[in-house]
Amino acid sequence: MSTTAAIENSLRDNVSAERLQEHLERFNTLFRDSGTQDEWAAAEYIRDRMAEYGIEAMIHEFESLISWPLEGSLTILGGQGNAAEEIAVRTRSFGAQTQEGGVEAELVFVPFEQPEAGAMIFSHRAVAGDYSGLDVAGKVVITMDGGPDGIRRAQERGASGHIHLWPSDEHVIHEMIGTSVWGTPTPESAKRLPTIPVLGVTFADGERLRERCEAGTVKIRMVSNVDTAWRKLPLVVADIPAAASDRFLLVGAHIDSWYEGITDNATGDASLIEMARVIGEQRAGLSHGVRFAWWPGHSTGRYSGSTWYVDTHFAELREKCLGYLNIDSPGVRDTEIWDCRYNMGEIEHITSAVVNELSGQDPNIRRPLKAGDQSFLGVGLSSMGAYRMLPVSHPDRKAVGGCGGGYWWHSPEDTLDKADANILADDTRIYVTMAARMCEPEAHPYNFVPPANDFIQHLGELQDVAGQLLDLSDVIAAAQRFKSVAEKVVSAGPGADISGYNQTVLRTTRIINPALFTVDGPYEMDPALQLPILPGLAPMRELATLDSESSEHRFLWTKLIRQRNRVHDALLLATEVLESVVGTE
């Protein structure tokens, strides 16, 4: 048996379902809303476990703008303005606080393409509600077009409130966050904080309201109460350094949750604790280290913990971090199907091989969504992830954003009975194996052919749509050249100078990933809105629909040519950097 196989087997064999269950039972006693004493108690529990295992850990403290949704109400008004019916609701984090008496207005239904069965709620948000022929100024909209994208669309059209009609038929109302601002706001991004109140309702109640709207005028009163304030948060970081390298893989999970939040995300927190224990026992076999982080501010701060960490550790992450493995909602009972989202092309082969070897499934590899503490896209960290899901046919599978697709996501029903410690142990075995394959080899295991194909595919699609308006042929040629050099690097291998090779391939990730996955680049955070690969060039599709003589077309064309230059420059630079490994023809 090879050394690598022996290390992986030992890691997997040492994962304990009993220890994982102990951690879950402790977290089950805590309501870990960000900024609360229970969140701090969870952080201290994790720090103490790290000390018990002989792992260096510390709790960072920082201030974050946190928004707790409080009570709200939705009242259907009768002809005399009297209360005719009350509808159960939940308010939205960062929604606007209503004045005394709430907002009274006409309710308008905005049609929306309903997601397919079992779809993740985040993956559908780039689709807009159909406002054709609707005047919503001064009115409250009810629509499946929810989340920050949908709230923004309603607000831009002058709506005085937004009610999110949930697209699947579960009985719970999910907690959600309404802002598109990623992390703590800046003076510029603070302007995107919602200025209208926001509520959520179930599918059943929303459908009844839709039918009423279609039958005639409906007047409502909505009340939204939120507590948005600066709060001190704890961020636990634990380090398992390697003896001969200061580089590390970053593994993260959010520590805060709605209510007990057992499968979102106490199971993830427990998995990290157990990963740290078993990897710490095998640290001598690692060429590179592993760093674990438990992020606060995920649910009511829009990823403010991971964003703070990027902002305050940018240079170290840029120079030394091999990649980011996000762990969220593992160990859910009855889950079977692996959904491998958040994987970048250069390390997709690791996720694919590990999931296939340990589960027997042929995994579906998907690129990162703009969710799940993906705060590292601008830094250029290579992202990886694997999430076990309920089958789409399972009666508990709904259109949610976590908990393996379980209906209880972001609700008081995310309780201990929804977790399975044996499944969590199996999931953790997959994660420790992924970590080992990143950190055990001395040479960094990147393959840049898949991201080169991403460039070629998506540039080609945009060229087909609007290349006559903004020619991308030179950029496509650069992407093809990058692929050619990437293929040579794969064929040649790292060679004798592994240190030089590692420096080169790590730098390449920092060049290509901001171009592939961000608009604003390394130093700012893009909004929490769903965008495709090459998001800076994605508006070429809109360009093709605009009057070429209009100011709107000319403004957008100017923006896009700058984004074209950015992507082209990244490809040229990445090719130049990679050529230092294999030389030029």
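Which residues does Leu165 touch, not counting residues up to four places away in sequence? The first legend answers this.

The model is predicted: local features need pLDDT of at least 70, side-chain atom pairs count only at pLDDT 80 or more, and totals for chains, interfaces and linings use all residues. Residues are numbered from 1 along each chain as its sequence is written, and side-chain values use heavy atoms, with hydrogens and water left out.

View 1. Strands (E, at least two residues) and helices (H or I, at least four) are DSSP runs, numbered from the N terminus. Leu165 touches Phe109, Ile142, Thr143, Met144, Val201, Phe203, Gly206 and Glu207, not counting residues up to four places away in sequence. Contact means heavy atoms within 4.5 Å. Leu165 is buried, at 0% relative accessibility. Buried means under 20% relative accessible area, exposed over 50%, and partly exposed in between (1.4 Å probe, protein chains only). Leu209 is 44 residues from Leu165 along the chain, and their C-alpha atoms are separated by 9.4 Å.

**View 2. Met275 and the largest nonpolar core.** A nonpolar core is a set of buried Ala, Val, Leu, Ile, Met, Phe, Trp, Tyr and Cys residues joined through side-chain atoms within 4.5 Å. The largest one has 104 residues. Those with the most contacts inside it are Met275, Ile279, Phe292, Trp294, Phe455 and Leu459. Helix α10 (residues 421-439) supplies the largest share of this core, eleven residues. Apart from this core lies another, of 40 residues, among them Met120, Trp182, Trp295 and Phe376. Beyond its neighbours within four places in sequence, Met275 is in contact with Val251, Gly280, Phe292, Leu325, Ile327, Thr428, Tyr431, Val432 and Ala435. In soluble globular proteins, nonpolar side chains tend to be buried together.

**View 3. Helix α11 (residues 449-466) against helix α13 (residues 498-517).** The two axes come within 11 Å and cross at roughly 35 degrees. Axes are lines fitted to C-alpha atoms, for helices over the stretch in contact; angles run from 0 to 180 degrees between N-to-C directions. The crossing is left-handed: the near helix is turned anticlockwise from the far one by less than a right angle. Pro451, Asp454 and Phe455 in α11 meet Ile512, Ala515 and Leu516 in α13. These contact residues divide into five nonpolar, no polar and one charged. Ala, Val, Leu, Ile, Met, Phe, Trp, Tyr, Cys and Pro count as nonpolar, Asp, Glu, Lys and Arg as charged, and the others, Gly among them, as polar.

**View 4. The salt bridge of Arg367 and Asp454.** A salt bridge puts a side-chain nitrogen of Lys or Arg within 4 Å of a carboxyl oxygen of Asp or Glu. Here the N to O distance is 2.7 Å. Arg367 lies in the loop between β13 (364-365) and β14 (383-384) and Asp454 in helix α11, so the pair ties together parts that are 87 residues apart in sequence. Both Arg367 and Asp454 are buried.

**View 5. The salt bridge of Glu85 and Arg208.** The structure holds 35 salt bridges. In this one, the closest N and O atoms are 3.0 Å apart. Glu85 sits in strand β2 (residues 83-87) and Arg208 in helix α5 (residues 203-215), 123 residues apart. Glu85 is partly exposed at 21% relative accessibility. Arg208 is partly exposed at 33%.
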